[in-house]
Amino acid sequence: MIEGYAVPDFVSDFWNYYVIAITVISILGVMWFLKQQSGQKLAPGEKAALMEHAWDGDLQELNNPLPKWWLYMFWGLIFFSIIYLVLFPGLGKFPGVLNWTSAAQYTDEKTRIDADFNKVMEPFLHEDVMKVAADPTAKEMGNHLFLTYCSQCHGSNAQGDGKNFPNLSDKTWLFGGDPDSIKASISAGHSAEMPANLLGDEKSAKEVANYVLSLGGKPHDAALAEAGKTKFAACAGCHGEDGKGNAAAGFPNLTDDAWQYGGSEAAIVETIMKGRKGGMPAFQDMLGDAKIQLLTAYVWGLGGGQTPAAPAPVAAAPAAAPAAAAEAAQAK
Ligand code: HEC
Ligand code: HEC
């Protein structure tokens, strides 16, 4: 059994022979018909027979032999079909002597194109994301990839035009805007869920929404916020006592300006009442390292990319440090 034929189209051999029979009988039938017609000839000077019917009053039909070019073309087609059926799948289950399958052809082409693509990508894959972001070629490739895989949700300009899709070109981030965080967002996706109506009624939702606004130092109704303070306990388990969330775990910070669903009182009340279930698909399996590297650089370079935290100070410590570290290690 060859690849692409793992699941046979036929559940019993009957259909196999049935298809073979109608294919062969049709071809033989056409050959017989052509043979019959080829025999007809007119002697020099002889007139073709007049058929016994007339249309539209006086339109008559003559029984001329079929033109030679037409007959030869038909024989040619039959010859072609026989060769085709020997080489390619077509006669029931017979796979053809070339063992060609559309599935294998697709896999071959994809492997070849991926290999070409990866060759172009190779230099970028091992470079720093921020350096890749500055390369015009990489940027153009990243843009094409973004339009293909990301624009449906984030908009072709990455500004999250669609409601509830984050803007990727501003300086506010839900899950971090340094290269590693962006790469993690793209490869692993996000599927955190906020349960609906945790507070039970819309009045409490409004109070807590005002408390959330107060946590971020934004304009709010002080009395409502005060009433919402204790009720925020229902939220603190995920978003933290201070509302700053935990980006790594997918719990957004409620005190910054990065809103996915809107930061107005009404939008926050809606979030609380209805719950939210953002869905950023994980792209690691579909795109692979090379494309994700380009996309990370592209998104990083859109204007909001953050520089990663400086490396641990140990690296820059004076020469005496290694000795001190060794001493410390011995002391343990
Ligand atoms: C099906 C819609 C959808 C597609 C397609 C999609 N995203 Fe997203 N993306 C989202 C949603 C929704 C979020 C917010 C996730 C959340 O809140 O849990 C998000 C979040 C992100 C984030 C994190 C943003 C932040 O503020 O931290 C990045 C980066 C990102 N997407 C990049 C991409 C890239 C690059 C692609 C294309 C490979 C892509 N996305 C394709 C829906 C999508
Ligand atoms: C079980 C954990 C959990 C609890 C409890 C929870 N949230 Fe959330 N919340 C989330 C997650 C996860 C998201 C992100 C959803 C998404 O990306 O679609 C979220 C999103 C939000 C947002 C939208 C942020 C934005 O960027 O638009 C607001 C506002 C919010 N929560 C407020 C609250 C309030 C107020 C409470 C208490 C009533 C609460 N949450 C309780 C997990 C929780």
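Reply: Let us begin with a term: a donor is an N, O or S atom within 2.8 Å of the metal. The model before you is predicted.

Me: Which protein donors does the iron atom of ligand 2 have?

Reply: They are Met194, through SD, and His239, through NE2, lying 2.0 Å from the iron atom. Met194 belongs to strand S3 and His239 to helix H10; the two are 45 residues apart, and the pair links distant parts of the chain.

Me: How does one read the geometry of such a site?

Reply: One compares the angles at the metal with ideal values, which for six octahedral donors are 90 or 180 degrees. At the iron atom of ligand 2, the six donor atoms make angles of 86 to 178°, and the site is octahedral.

Me: Is His239 buried or exposed?

Reply: A residue counts as buried under 20% relative accessible area. His239 has 9%, and is therefore buried.

Me: What surrounds ligand 2?

Reply: A shell of 28 residues surrounds the ligand, and the closest are Met194, Cys235, Cys238, His239 and Tyr261. By class, 19 are nonpolar, six polar and three charged. Helix H10 supplies the largest share, four residues.

Me: Which polar atoms lie by the oxygen atoms of ligand 2?

Reply: For a polar contact, one looks for N or O atoms within 3.5 Å of each other. Here a polar side-chain atom of Tyr261 is 2.4 Å from an oxygen atom of the ligand. Polar backbone atoms also take part: one of Gly278 at 2.5 Å, and one of Gln260 at 2.7 Å.

Me: Which residues coordinate the iron atom of ligand 1?

Reply: His154 (NE2) and Met280 (SD) do so, at 2.0 to 2.1 Å. His154 lies in helix H6 and Met280 in the loop between S4 and helix H12, so the pair ties together parts that are 126 residues apart in sequence. Since its relative accessibility is 9%, His154 counts as buried, whereas Met280, at 23%, counts as partly exposed.

Me: Where is the largest nonpolar core, and how is it read?

Reply: One looks for buried nonpolar residues joined through side-chain atoms within 4.5 Å. The largest such core has 25 residues; Phe124, Phe146, Leu294, Leu295 and Val299 have the most contacts inside it. Helices H3, H4, H5, H7 and H12 each give two or more residues to this core, and H12 gives the most, with nine.

How values were computed: Residues are numbered from 1 along each chain as its sequence is written. Chains are lettered from A and ligands numbered from 1 in the order in which they are written. This is a predicted model: local features need pLDDT of at least 70, side-chain atom pairs count only at pLDDT 80 or more; totals for chains, interfaces and linings use all residues. Side-chain values use heavy atoms; hydrogens and water are left out. A residue is near a molecule or strand if one of its heavy atoms lies within 4 Å of it. A polar contact is a pair of N or O atoms within 3.5 Å; within protein, one must be able to donate a hydrogen and the other to accept it, and residues adjacent in sequence count only if both atoms are side-chain atoms. Ala, Val, Leu, Ile, Met, Phe, Trp, Tyr, Cys and Pro count as nonpolar, Asp, Glu, Lys and Arg as charged, and the others, Gly among them, as polar. Donors are N, O and S atoms within 2.8 Å of the metal (3.2 Å for Na, K and Ca); water is not among the atoms, so sites may look incomplete. Buried means under 20% relative accessible area, exposed over 50%, partly exposed in between (1.4 Å probe, protein chains only). Four donors count as tetrahedral if all angles lie between 85 and 135 degrees; four count as square planar and six as octahedral if opposite donors are over 155 degrees apart and all others between 65 and 115; anything else is irregular.
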